[in-house]
Structure formats: C-alpha cells, structure tokens
Amino acid sequence: ALMENWCEMYDKIDAVLCANDDMSLGVVQVLEQKGRLEGTLVCSVDALAEAVKSVKDGKLTLTIGKDVFDGCDKTFNLMYDLLTGVDRSADKVIKCQKDLIHLGNQEAIDKWVDLYKSIDGWKE
C-alpha cells in the first residue's frame with residue numbers, strides 16, 4: 001500500500017531500499033503493475049529464494065545474503081569452543097561472508113540458486 005501511495009505522489013522514483021525481501025518483492029510487484037519497474041532500483045536483504053529468482057529474472061535489483069554455510073560453521077565452532085573452555089573474549093566480532101546478489105554477479109546468483117536447489121527450495 002505504501003508503494004502504491006508513493007507511485008501516486010511521485011512522478012519518478014529512482015530507488016527503493018527495503019528492510020527485507022518480502023517488502024522488496026511487494027515493491028517490485030506494484031512497480032511492475034504500474035509499468036514503472038524499469039529504471040527503478042529496488043534493493044533489500046535476506047536472499048530468500050523468491051528474491052534471488054527475482055534478481056535472476058531482472059526484476060529485483062539486489063538482495064544481500066549472508067553465506068549460510070559459513071555462518072553455521074562459525075556458529076558451531078564458537079559453540080564448541082565455548083563448551084570446551086576456549087577463551088573467545090578477544091574476538092569482538094565474528095564476521096560471516098555476505099554475497100551481493102545482482103545481475104552483475106552471476107557467481108553469487110548461481111551459488112544461491114544451487115543452495116536453494118540443494119534443499120528443494122527453488123521453484124522455476
């Protein structure tokens with residue numbers, strides 16, 4: 001509803017930054033229905049399967065995904081270290097790899113499509 005209102009209020013919308021993929025997919029849907037998707041950047045975070053497909057289809061401009069496998073590995077290693085008494089107090093932040101998924105990064109698109117296909121979460 002908010003995107004529909006913005007389309008009524010503004011003649012041109014250059015970009016929309018969304019807090020999550022669900023919002024961005026709704027924005028893409030509204031812009032597409034209004035014939036205003038072309039030339040409008042729509043970006044979000046989460047890298048849900050539907051959002052990755054939307055990027056692959058050239059609709060959603062960008063979604064940011066945290067590398068799930070890297071994050072799980074680091075989380076389990078941290079849990080093991082904590083349970084076995086390894087001192088992690090010097091580690092301020094445990095960083096996980098993040099992927100910028102957009103049409104210019106085919107490697108990231110392929111990685112996330114393969115990930116979702118491996119868990120049967122990809123629908124053509």
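V45 stands opposite I64 in β3. Strands here are DSSP runs of E with at least two residues, and helices are runs of H or I with at least four, numbered from the N terminus. This is a predicted model: local features need pLDDT of at least 70, side-chain atom pairs count only at pLDDT 80 or more, and totals for chains, interfaces and linings use all residues. Residues are numbered from 1 along each chain as its sequence is written, and side-chain values use heavy atoms, without hydrogens and water.

Strand β2 (residues 41–45) runs parallel to strand β3 (residues 62–66), joined by three bridges. Two strands pair if DSSP finds at least two bridges between them. The open sheet has four strands in the order β1-β2-β3-β4, with mixed pairing. β1 (15–17) and β4 (98–101) are the edges; each has a single partner strand, so one side of each lacks a neighbour in the sheet.

Now the helices. α3 lies across β3 and β4, at about 140° to β3. Helix α5 (residues 106–118) also lies across β3 and β4, at about 110° to β4. Contact means heavy atoms within 4.5 Å. Axes are lines fitted to C-alpha atoms, for helices over the stretch in contact; angles run from 0 to 180 degrees between N-to-C directions.

Helix α2 (residues 21–33) meets helix α3 (residues 49–56): their axes come within 9 Å and cross at roughly 40°. That makes α2 oblique to α3. Oblique covers what is left after roughly parallel (under 35 degrees), roughly antiparallel (over 145) and roughly perpendicular (65 to 115). D21, L25 and V28 in α2 meet E50, A51 and S54 in α3.
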